[in-house]
Amino acid sequence: MEMPVEGQQERSADVAGDKTVRRPRVQKNVTRAIAADICADIFSAGDFLPTENDLCERYGVSRTVIRESLKILESKGLVRGRSRVGTVVCRKDEWNILDQQVLEWIGPRIFEFDLLNCILEARRAIEPAAAELAAERATVQEIADVERAWHEMRDAAGDIERFTKADVAFHTNLLKASHNQVFLQLASIIQVALEFSLHASNEAVDKRDEALDVHRQLVEALRMRDTAAARNCSLQLLSLAARDLAVAVKRHLPQSAS
């Protein structure tokens, strides 16, 4: 069954051959629609996408829109064009899963793909070392930035979106405070993935008092230049995240699989 693309009415009727005057919203919607079909295995890894004409008919747009959408998807690793052959769907391990758009396209299926556990494993490898280094190297201002994020978490109360935004700022600032150039790069690369992970964990529990207290202890460890305490607090936070993430997966996976 063909699915209409939201916003396809945004296209202008002024068409000359394949050159359709369209608004950016159309391009975004078509790209998202194709990506959603790939994520849902309607177009499976290793398979060729339908021809351009078939895609045009399916999504109700011109060949130019389809071509531009495929270029975007190829830049994200979801598809690969083959000259004179067609466009093949790439395996999931080739996708740029840390890209914000890719994570948005994956949507609820992030639980099926086990990406959140992968993100947690990466955090286990990075954050304790970053916390230890931050306790040794952070400037007074950087410690203040981490503490300010903690205050914002505390003041967010039951607002999950606001709480998560502050939580992301806390961990991002912590990575920056390590003064490790690789961690500095990772802070920007994993920020979106971190937001998805923290949101899932935060949403899984009704109260976040325990996590707030450990975050506070970590701030104090930074202030006291206690590297061992900073590492220990980071490990505690990751254990709490693992516990809450397990609850989130249990809640969402049956819905995703149904």
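Me: Let's start with Ile 66: buried or exposed?
Reply: Ile 66 is buried, since its relative accessible area is 0%. Keep in mind that this is a predicted model.

Me: Which element is Ile 66 in?
Reply: Ile 66 sits in helix 3, which covers residues 63-75.

Me: And what does Ile 66 touch, not counting residues up to four places away in sequence?
Reply: The partners of Ile 66 on that count are Val 30, Ile 34, Leu 55, Cys 56, Tyr 59 and Val 61. There is also a pairing across the sequence to look at: Thr 31 is 35 residues away along the chain, with a C-alpha to C-alpha distance of 8.0 Å from Ile 66.

Me: Good. How about Gly 86, where is that?
Reply: Gly 86 belongs to strand 4, residues 86-89.

Me: What is Gly 86 in contact with, leaving aside neighbours within four places?
Reply: Gly 86 has contacts with Phe 48, Arg 80 and Gly 81. As for Thr 51, its C-alpha lies 7.3 Å from that of Gly 86, and the two are 35 residues apart in sequence.

Me: Let me step back for a moment. How many helices and strands does the chain have?
Reply: The chain has eleven helices and four strands. Its length is 258 residues, and 45% of them count as buried.

Me: What share of the contacts join residues at least 24 apart?
Reply: That share is 70%, taken among contacts between residues at least 6 apart in sequence.

Me: And the confidence, what's the average pLDDT?
Reply: The average over the chain is 86, and 88% of the residues reach at least 70.

Me: Which elements have the lowest and highest mean pLDDT?
Reply: Strand 1, residues 15-16, has the lowest mean at 38, while helix 6 has the highest at 97. The pLDDT stays below 50 over residues 1-23, a stretch that makes 42 contacts in the model beyond near neighbours in sequence.

Me: On to helix 6, then. How does helix 6 cross helix 10?
Reply: The axes of helix 6 (residues 140-155) and helix 10 (residues 209-223) come within 10 Å, with a crossing angle of roughly 165°. The two helices are therefore roughly antiparallel, as angles over 145 degrees fall in that class. The crossing is left-handed.

Me: Which residues make that contact?
Reply: Helix 6 brings Ile 143, Val 146, Glu 147, Trp 150, Met 153 and Arg 154. From helix 10 come Leu 212, His 215, Arg 216, Val 219, Leu 222 and Arg 223. By class, the contact has seven nonpolar, one polar and four charged residues.

Me: Now helix 7. How does helix 7 pack with helix 9?
Reply: Helix 7 (residues 160-177) packs on helix 9 (residues 191-203) at about 130°, and the axes are 9 Å apart. That makes the pair oblique, and helix 7 passes helix 9 in a right-handed crossing.

Me: What's the class make-up of that contact?
Reply: The contact of helix 7 with helix 9 holds five nonpolar, six polar and four charged residues. Among them, Phe 163, Asp 167 and His 171 are on helix 7, facing a set on helix 9 that includes Leu 194, Leu 198 and His 199.

Me: And how do helix 7 and helix 8 cross?
Reply: Their axes come within 8 Å and cross at roughly 160°, so helix 7 and helix 8 are roughly antiparallel. This crossing is left-handed. Thr 172, Leu 175 and Lys 176 of helix 7 meet Phe 183, Leu 184 and Ala 187 of helix 8, which divide into four nonpolar, one polar and one charged.

Me: One last topic, backbone angles. What is phi for His 179?
Reply: Phi of His 179 is about 60°, a positive value although the residue is not a glycine. His 179 lies in the loop between helix 7 and helix 8 and is partly exposed, at 37% relative accessibility.

Me: And what about phi of Asp 41?
Reply: Asp 41 also has a positive phi, near 65°, and is not a glycine. Asp 41 is in the loop between helix 1 and helix 2, and a relative accessible area of 42% makes it partly exposed.

Notes
Residues numbered from 1 in each chain as written. Predicted model: local features only at pLDDT ≥ 70, side-chain atom pairs only at ≥ 80, totals over all residues. Heavy atoms only, no water. Axes fitted to C-alpha atoms, helices over the stretch in contact; angles between N-to-C directions. Parallel < 35°, antiparallel > 145°, perpendicular 65-115°, else oblique. Left-handed = near helix turned anticlockwise from the far one by under 90°. Contact = heavy atoms within 4.5 Å. Nonpolar A, V, L, I, M, F, W, Y, C, P; charged D, E, K, R; others polar. pLDDT = per-residue confidence, 0-100. Buried < 20%, exposed > 50% of the residue type's maximum accessible area, 1.4 Å probe, protein only.
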